[in-house]
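I set down each item in the order in which I looked it up.

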Amino acid sequence: MTVLAVSDAQHLEDAFLSGLNDAQDAYERIVATEAWTALGFSTFADWWESRVRPVMTALSMRPTREIAAAVVDRVRKDEADLPPAQRRTQRELAEMTGVDRSAL
């Protein structure tokens with residue numbers, strides 16, 4: 001195990017916590033600009049499933065209730081023109097966001 005100097009440990013902590021603080025703002029800008037299209041994804045849901053969900057799962061993290069609700073709303077908006085049988089179910093949306101179905 002490597003022992004860090006206090007200043008190095010503080011730098012790591014600052015980097016970690018500032019990343020978490022900036023996540024909400026970055027998420028809002030991604031949604032506002034539909035950045036997933038520039039990243040090569042055809043829908044928000046495709047981007048979320050491919051890029052966000054694996055990271056959150058690996059870190060055992062869940063989005064805030066507000067973000068989870070916004071994700072569900074965005075996916076429902078993306079899928080509004082699809083036949084009902086092709087839309088994600090409540091269970092699938094809950095799995096996608098990492099929240100209980102009753103919270104949706």
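**Entry 1: helix α4.** I began with the exposed side of α4, where I found Arg65, Glu66 and Lys77 exposed. The model is a predicted one, and I read every value below as computed from it.

I then listed the buried residues of α4: Ile67, Ala68, Val71, Val72, Arg74 and Val75. Viewed down the helix axis, these buried residues fall within an arc of 165°, so I recorded them as lining one face of α4. I next looked up what this face meets: the buried residues of α4 pack against α1, α2 (35-38), α3 and α5 (90-97).

I also checked the length of the helix. Helix α4 covers residues 65-78, and at 1.5 Å a residue its 14 residues should span 20 Å; the end C-alpha atoms are 20 Å apart, which agrees.

**Entry 2: Arg74.** I returned to the arginine on the buried list. Arg74 lies in helix α4. Its relative accessibility is 12%, and because the cut-off for buried is under 20%, Arg74 counts as buried. Which residues is Arg74 in contact with, leaving aside its neighbours within four places in sequence? I noted Glu34, Trp36 and Phe44.

**Entry 3: aromatic pairs.** I turned to the rings and found that the structure holds six aromatic pairs.

I looked up the accessibility of both partners. Tyr27 has 11% relative accessibility and counts as buried. Phe44 has 0% relative accessibility and counts as buried as well.

Tyr27 also forms an aromatic pair with Trp48, which I recorded as edge-to-face, with 6.3 Å centre to centre and 80° between the planes. This pair links distant parts of the chain, with Tyr27 in helix α1 and Trp48 in helix α3, 21 residues apart. Both Tyr27 and Trp48 are buried.

**Entry 4: the cluster.** Which residues form one aromatic cluster? I listed Tyr27, Trp36, Phe44, Trp47 and Trp48.

Notes
Residues numbered from 1 in each chain as written. Predicted model: local features only at pLDDT ≥ 70, side-chain atom pairs only at ≥ 80, totals over all residues. Heavy atoms only, no water. Phe/Tyr/Trp six-rings, centres within 6.5 Å; stacked < 30°, edge-to-face > 60°. Buried < 20%, exposed > 50% of the residue type's maximum accessible area, 1.4 Å probe, protein only. Helix = DSSP H or I, 4+ residues; strand = E, 2+ residues; numbered from the N terminus. Expected span 1.5 Å × (residues − 1). Arc of directions from axis to C-beta. Contact = heavy atoms within 4.5 Å.
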